[in-house]
Each structure stands twice: as C-alpha cells, then as structure tokens.
Amino acid sequence: MQEIDQAETKPFSLDEIKERVATCLGPDRVQKRYNIITDTTDFFRVEYDDVVILGSKPYLIRNNEREGRFGIDEQQKFWVKRARDLSDGSVKIIKLVFHERFQAKVGDIVFDCFRSPKKEARILDLTKGHSRFMQGFSLTDSSNNLIRVIDFVKGKTLADVVMNLGRDHEDYFFNHFPSIFEEYMELVEAIRFLHQKGEKHGDIRRDHIIKEEATGNSRWIDFDFNYLHRENMFGYDLFGLGNILVYLTGRGDVTVQQLRDAGSPVFDQLTSYDTNIIFNNRVVNLKKVYPYIPDALNFILLHFSSEANVFYESTDQLLHDLHAAKEHLKNM
Amino acid sequence: MESKKVQKRNILIAVDESENAARAVSYVRDLLSGLPGFRINLVTIIPEPSEDYFQSESERTEWMKEKKSSARSILEGFRRLLIDAGFKEGDIRVEVAIKTCPSIAECILAEQENLACGAVVIGRRGISKKEEFIFGSTSSKILHTAKDCAVWVIE
C-alpha cells in the first residue's frame, strides 16, 4: 500500500513568503503581492511567481517544463512546473495532477497509453535512494490532488553528452564508449529493478536519461507514463532500451538517409536485415558502418533488426548479452 | 502443490470478442460435435488494467461491469452455437474472469491447469512481426510454455 504524505497545509503570511523569496532569490526579486495557492486542481491557473503551499512548505513557481514528443519540439507541459522550495532554495519539479488517455503510435503500431500520477508516486517511493532514478516524494494538496515534488536533475541528456564525445566515431568508440556502455548497463539494471517490482518505466527514450552535472551520474526521469500492455508487459520498455543502446553505440542515430547523403558505400549494401524493426530508416547493424564494433555487441543490436527472429522478452535476457559484450569491449 | 490429472476430453477454448475466437469455437464445433464424452470450457480472461488506469474506484467498477457483461454476451453466443451443433448443455461451461495478468498466456494456462483440461484451443490473431516484437504474442507464448496439454492454434 502506497503511503502518501497528508500533512496539513501550513499557512504562511505574505511577509513570511517575501522574506523567504528574498533569502532564496535575492531582495530585488521580491514581488509586492503573491498569489498563494493550496488547491492545484486547475493547473492552468498556477502561474509564474505564484506560491504553492504543499504540506509544510511553500514553493515559488517558475516556468512550465517543456518536452519534445512525437516530432513536436518543446511542447509546454502546463502541469509540470519548475519551482523553488522556499524552505531551502532548492530547485524542484512540481508535477500537478493531469490524467490523460490517448493512443500513441510507434511506426505503424497504435496502442493505448495513459498518464498516471499514482504510478509515478509509487515509483518515487520504490526508488527512494536509488542512484539511477530521479528522487522525490508525493503528497496531496488541499483538494487531495496527488502532487509529486521532484529534485531537479541538473544536466544534459546522456544522448546529448555522447554526441560531444570523441573527435570522430572511432575515437569515441575506443576511448569513451566503454564507460558509456557500463553506465548504460547500470541503467538497464535499474529498469530490471523496476520490472522485478512489477512496474514499467513506460516511456523509455533517450531524453529520459539525464547525466547529472554535479555527480556525472545518469538517472532515469519521468515515470508517469503507462501503456496497456498485451502479452509481454515489458516489451515496450525493452524496445526503448534497445533504441538507446543503438544510439549510444552509433554516437547518435545512423540513418539510411545520412549514409546516402554522405555517399557511403554501405548505403548500397543495406538490406532490411540492417535496419530497425520499427523505425526502418535507422541502421541497427552498425558493424556494417563501423567494422571495429565487436560481434558480441552487434549481436545485441541485431535483436532490434527488421529480420530478427528472436526478441528480448526480459531485462535479464538483455543483461546476459550485455555482460558478454562487456568482456569483448574490455579486450579492445 | 500437485497438479490435477488432466482429462483428455476436457477442452478449454480461450475466447474474446475477436473473429479469431469465433474461428476457434467453430473449429471445435465442426471437429467434435456429435462425439460423446467431450466437455468444453469457454473461458474469457479479461486482463484488468493497473489501478493507474482509472481515476476513481467507481470508474473501475463501471469498466469491469461493462467488460463482464460484454464478455458474457459473447460467451452465450458461443455456447448456443455449440448446443445447436449437438453438444449437451451440461457439457459446456462458461467462465469470465477479470484478472491481473502480466501475461494473458500464463493466465489461460493457469485456468487450463485449474480445470485439468487436456487441450487448449486459441485463435491466432495474426499480428505483425512488429507487433509481436513490442507486445508479444499470446498464442506463441502458449505454444512455447504449455505443459501436460495439447495446444490447438486455429488460423
């Protein structure tokens, strides 16, 4: 049973709020008035410079968070606010309650998805103290909305980080990839931990891994997404893990178009065996492009090929092969 | 726990609202009607979405009521189909179960074991390779994991 903090909302006077804003942001940032909110049901009315009181703490709301999705870049997420915890000045992400159900499309496959505050709250509890997951807690506002207060993970996505590593792919692969690969394995172990507890991440994609600036540690973020699974509960998570591995190995997606535009001789040799089962323009048989990639690693990538006959059904299976590939990477 | 001894002539047909299920029932009717001693279990497993799917308990209750009612209506149609073909009423059992199912195949096989059925019959959905890759295939999983029973996958 999930325990939710239902501490009584503590009232704050305007002077108290002003004093805290002055301490956290500086006296010149103090406003004459503050809209103090305890009920966040209408999240569109929670705006910049409002103060939301949750439990015993006031949070100064800053901007809405943004996220690129389904080819649409930087959509505002009005229910996700960046905020300052006025008790200590720390930056938080406050996720307000937003239920949605919709059909997502991956390639030509349509499936039912939904967003759930309960799921995210449950995973925050489950992963408390785990270094590979974002940290935070949940509590209810004055109208019983389940709010998640999350420590802001400052850093770039792991995907952005790898794009800037190495002079070229070969340099990247031999001098940087082995440590990235080990980090990836730990991220897969973290997802195994979730799966063992009967939870999906639900939205595994490369911009949901942030490499924390302060520690260099990569963490999974955003757990409020879910999908109605069919036979294999974790298949979509595994597909996401595969896509990330292909991306990290290739130092970015290697597409058929890129090879064509670059006049690569590989372009004329490509077959359906070489491309992603869902995203047919992405090359997964990266050894064809970068011959120094060890077979043991390429073998894993080929599980995500259009011609694959064997699919990973669990993180255990994937990790088994990753461990084998790691041995080969050590000997490069 | 010791499993029950399976009865060869005790058959489980796993059905849902799809045409594949109708094909599975029709196949059994055409093959076995008029033959003595067969018992047919028409079973619908409805995987219950996680609690996250619903915004309230009442929504969840309503969802389950609708699903059960729809499944019962479909099962009744299949039951009549078999009776009209000559199966005795007493030899046909219908069951609708809403279950937490990480795997529908495992839930079906648990029912097979529980009912001591000697055969599981299922219609193949004919999903694409891509779909099987991401979501898995119930008929494939049953084929690969069933023990102590025959599996009929009906095209």
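Predicted model: local features only at pLDDT ≥ 70, side-chain atom pairs only at ≥ 80, totals over all residues.
Visitor: What is the confidence in chain B?

Guide: pLDDT is the predictor's confidence in each residue, from 0 to 100. Chain B has a mean of 92, and 98% of its residues reach 70 or more. Its confidence is lowest in helix H4 (residues 129-135), at a mean of 90, and highest in S4(B), at 97. Helices (H or I, at least four residues) and strands (E, at least two) are DSSP runs, numbered from the N terminus.

Visitor: How do you know which residues of chain A and chain B are in contact?

Guide: Contact means heavy atoms within 4.5 Å. By that rule, 32 residues of chain A are in contact with 24 residues of chain B. The area buried between the chains is about 2500 Å². Buried area is the accessible area (1.4 Å probe) that two parts lose on being put together, summed over both. Carbon and sulfur atoms give 57% of it. A:Arg101, A:Arg230 and A:Glu231 supply 29% of the area that chain A buries against chain B, more than any other three residues.

Visitor: What makes the pair B:Asp52 and A:Arg122 a salt bridge?

Guide: The rule wants a side-chain nitrogen of Lys or Arg within 4 Å of a carboxyl oxygen of Asp or Glu. The N to O distance here is 2.7 Å. The pair therefore qualifies.

Visitor: Why is A:Glu65 called buried?

Guide: Buried means under 20% relative accessible area, exposed over 50%, and partly exposed in between (1.4 Å probe, protein chains only). A:Glu65 has 17%, so it counts as buried. A:Glu65 is found in strand S3 (residues 57-69) of chain A.

Visitor: What makes the link between A:Glu65 and A:Arg82 a polar contact?

Guide: A polar contact is a pair of N or O atoms within 3.5 Å; within protein, one must be able to donate a hydrogen and the other to accept it, and residues adjacent in sequence count only if both atoms are side-chain atoms. The side chains of A:Glu65 and A:Arg82 are joined at 2.8 Å.

Visitor: What parts does the salt bridge of A:Lys154 and A:Glu213 tie together?

Guide: The side chains meet at 3.7 Å, N to O. A:Lys154 lies in the loop between S9 and strand S10 (155-157) of chain A, and A:Glu213 in the loop between strand S11 (209-212) and strand S12 (218-220), so the pair ties together parts 59 residues apart in sequence. A:Lys154 counts as exposed at 51% relative accessibility. A:Glu213, at 56%, counts as exposed too.

Visitor: Why is B:Arg60 called partly exposed?

Guide: B:Arg60 has 22% relative accessibility, so it falls in the middle class. Its side chain meets that of B:Glu57 in a salt bridge (2.9 Å, N to O). B:Glu57 is exposed, at 51%. Both sit in helix H2 (residues 57-84) of chain B, 3 residues apart, which is about one helical turn.

Key: Residues numbered from 1 in each chain as written. Chains lettered and ligands numbered in written order. Heavy atoms only, no water.
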